Amino acid sequence: MTASSSLTDLLHAAVTAVGGSERPGQVTMAEAVAEAIDGDAHLLVQAGTGTGKSLGYLVPALAHGERVVVATATLALQRQLVERDLPRTVDALHPLLRRRPQFAMLKGRSNYLCLHRLHEGVPQEEEEGLFDPFEAAAPSSKLGKDLLRLRDWSDETETGDRDDLTPGVSDRAWSQVSVTSRECLGASKCAYGAECFAEAARERAKLADVVVTNHALLAIDAIEGAPVLPSHEVLIVDEAHELVSRVTGVATGELTPGQVNRAVRRAAKLVDEKAADALQTAAESFERLMELALPGRLEEIPEDLGYALVALRDASRTVISAIGDTRDRSVQDEDAVRKQALAAVESIHAVAERIVEGSEYDVVWYERHDRFGASLRVAPLSVSGLLREKLFSERSVVLTSATLKIGGDFNGVGASLGLAPEGIEGDDLPQWKGVDVGSPFDYPKQGILYVAKHLSQPGREGSRSDMLDELTELMEAAGGRTLGLFSSMRAAQAAAEELRGRLDLPILLQGEETLGELIRTFAADARTCLFGTLSLWQGVDVPGVNCQLVVMDRVPFPRPDDPLMSARQKAVEEAGGNGFMAVAATHAALLMAQGAGRLVRATGDRGVVAVLDPRLATARYGSFLRASMPDFWYTTDRNQARRSLAAIDAAAKADEK
């Protein structure tokens with residue numbers, strides 16, 4: 001690695017190129033990342049909003065010269081890295097490094113347009129042959145228009161990446177022109193293999209010095225054993241507070257009656273009648289059971305469900321063997337039909353077998369949705385062991401986020417990643433260091449944390465009329481400018497409905513328009529307010545005077561009936577730990593840190609974070625939660641909060657004149 005002075009020169013060149021200003025925290029971060037990479041060590045680095053953490057890790061990574069994989073949680077950051085930060089940084093560093101590092105984006109196969117699907121059609125379940133969606137969809141319908149636009153786009157796009165298509169198309173339309181990795185024929189067997197967008201992306205990644213990917217693909221690479229990412233010496237995980245939930249999502253299996261019935265239809269024409277009938281019978285038994293399923297965890301698999309899953313597993317195994325052994329030239333594009341059928345049946349076999357085997361490290365539960373009916377799900381009790389083994393064993397890993405110190409230290413997040421407390425030595429324990437490089441913002445002067453200590457404690461049910469009264473007063477004082485973060489969609493809808501009747505302010509509600517459109521509208525008008533739930537706690541970046549009040553209706557603990565969270569909490573308690581603090585309080589702390597981070601996005605921002613839940617002030621865990629949030633000036637005085645909001649509103653209006 002270059003000397004520290006050289007690193008400083010590189011960072012200065014990069015910051016200048018992207019039009020930013022150097023921050024002490026960014027320099028500290030770059031030096032810590034360089035030290036970790038050079039020492040083949042692991043680093044957790046908390047870098048507050050505005051630090052410029054992307055350059056804080058890109059510059060030392062590019063200077064090091066070995067291949068780096070950067071994994072992010074959000075599409076927005078992936079695009080920022082590939083379209084803005086990396087091109088400008090590479091141009092700026094080229095004269096100093098005397099080489100031009102290459103970079104590439106890599107996603108899962110289903111994110112890319114499949115030319116075989118596009119030109120040959122989608123294998124259809126109900127009839128022999130292929131279904132041409134372009135002919136079947138009425139040209140005037142939304143689906144028809146989307147498909148015609150996709151066909152035109154296929155001649156223009158260089159990447160075939162769904163995210164490069166503007167405006168986007170529905171999931172239904174995209175599913176007609178994409179395949180999963182299991183459904184893919186493989187480049188050598190596909191007539192379009194030489195032109196394949198997904199294969200081209202993989203080839204670009206193999207040649208790149210920096211590969212930008214997402215947490216999901218990183219999880220697939222770790223879990224499935226078959227390498228998806230090119231070999232690399234350094235892994236940088238941005239938005240690292242999201243990693244555990246993304247890995248859990250990839251490691252979660254699901255069975256639904258609809259999914260099983262689709263697999264039956266796809267396989268029926270490819271196997272003999274006996275094998276098809278056995279799978280059909282097993283599917284019908286499973287569907288009858290699911291009609292009676294009640295939501296909740298299954299600590300033991302009921303006998304009737306066990307029988308149904310064994311039947312599904314065994315019938316699926318027979319069909320998988322039969323599909324592999326038969327050839328039927330009467331089926332048009334037989335390879336594609338067989339591959340799709342195999343993928344569907346293999347998925348059912350894998351989940352049924354996993355649940356039947358009954359690992360003590362898995363949690364099984366029923367879910368029921370109003371629209372989609374019942375589903376049977378299985379997820380790992382913990383992914384920490386998997387991450388410790390797969391993530392930290394063969395490369396230097398840097399994990400960064402604005403929120404990694406929970407309750408004042410890194411150990412909570414570290415434990416979820418499979419890391420022992422910082423400084424603990426052991427032969428099989430990855431050694432790591434935590435660094436907090438701070439924030440360029442003066443939080444005590446820029447923001448107030450107001451806790452409405454006088455309100456009644458929120459219960460599981462009830463309208464919380466005193467909370468709505470408090471919210472009304474705060475929004476009036478702020479003149480709008482409010483981002484409402486609610487713990488459930490039901491609470492957000494109820495509040496929006498009530499306050500639309502009380503206030504002469506535009507109130508947007510998540511779900512009434514696309515998230516991007518809602519945020520754009522909110523950011524464009526000071527009087528407009530935006531209410532919503534989980535994705536707003538983390539996905540809103542509105543610097544300036546149009547977001548000066550961030551409201552949380554309650555501490556966002558997991559639902560008490562959340563099967564996976566409650567199972568994880570119980571496991572910690574059985575091991576002698578504090579399950580509530582390790583799971584529920586840590587979950588809430590991460591969300592509250594992220595939510596509070598919506599307020600101050602630039603050095604000139606001012607405002608109030610209002611938590612309308614007295615437990616943040618009165619409960620024993622309140623100090624733990626507050627220690628996880630930005631260091632705002634703290635008060636429980638409602639009049640102080642309203643006066644401050646009114647003053648901020650008046651100043652903003654004066655500036656507008």
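Reader: How many helices and strands does the chain have?
Author: In this predicted model, secondary structure was assigned along the whole chain. The chain has 27 helices and 20 strands.

Reader: Why is the chain described as being as compact as a globular protein of its length?
Author: The C-alpha atoms fill a box of roughly 75 × 65 × 60 Å, taken along the principal axes. For 657 residues the globule rule gives 26 Å, and the chain comes close to that value, so it is as compact as a globular protein of that length, with a radius of gyration of 27 Å.

Reader: At what angle do the axes of helix H2 and helix H3 cross, and is the crossing left-handed or right-handed?
Author: Two packed helices are described by the angle between their axes and the distance between the axes. For H2 (residues 24-38) and H3 (residues 53-64), the axes come within 8 Å and cross at roughly 35°. The crossing of H2 and H3 is right-handed.

Reader: How do the residues of the contact of H2 with H3 divide into nonpolar, polar and charged?
Author: Among the residues that meet are Met29, Val33 and Ile37 in H2, and Leu55, Tyr57 and His64 in H3. The residues of this contact divide into 9 nonpolar, 3 polar and 2 charged.

Reader: Which helix gives the largest share of the lining of the second largest pocket?
Author: This pocket has a volume of about 350 Å³ and is lined by 14 residues, with Asp221, His232, Lys390, Glu394 and Arg395 nearest its centre. The elements giving two or more residues to the lining are helix H10 (215-223) and helix H16 (384-391). The largest share, 3 residues, comes from H16.

Note on methods
Residues are numbered from 1 along each chain as its sequence is written. This is a predicted model: local features need pLDDT of at least 70, side-chain atom pairs count only at pLDDT 80 or more; totals for chains, interfaces and linings use all residues. Side-chain values use heavy atoms; hydrogens and water are left out. On a 1 Å grid over the protein atoms alone, a cavity is a set of points where a 1.4 Å probe fits but cannot get out, and a pocket is an open set with protein on both sides within 12 Å along at least five of seven lines; lining residues have an atom within 4 Å of a point. Grid points are joined across faces, edges and corners, and a volume is the space filled by probe spheres set on the points. Helices (H or I, at least four residues) and strands (E, at least two) are DSSP runs, numbered from the N terminus. Axes are lines fitted to C-alpha atoms, for helices over the stretch in contact, and angles run from 0 to 180 degrees between N-to-C directions. A crossing is left-handed if the near helix is turned anticlockwise from the far one by less than a right angle, and right-handed if clockwise. Contact means heavy atoms within 4.5 Å. Ala, Val, Leu, Ile, Met, Phe, Trp, Tyr, Cys and Pro count as nonpolar, Asp, Glu, Lys and Arg as charged, and the others, Gly among them, as polar. The radius of gyration is taken over C-alpha atoms; the globule rule is 2.2 Å times the number of residues to the power 0.38.
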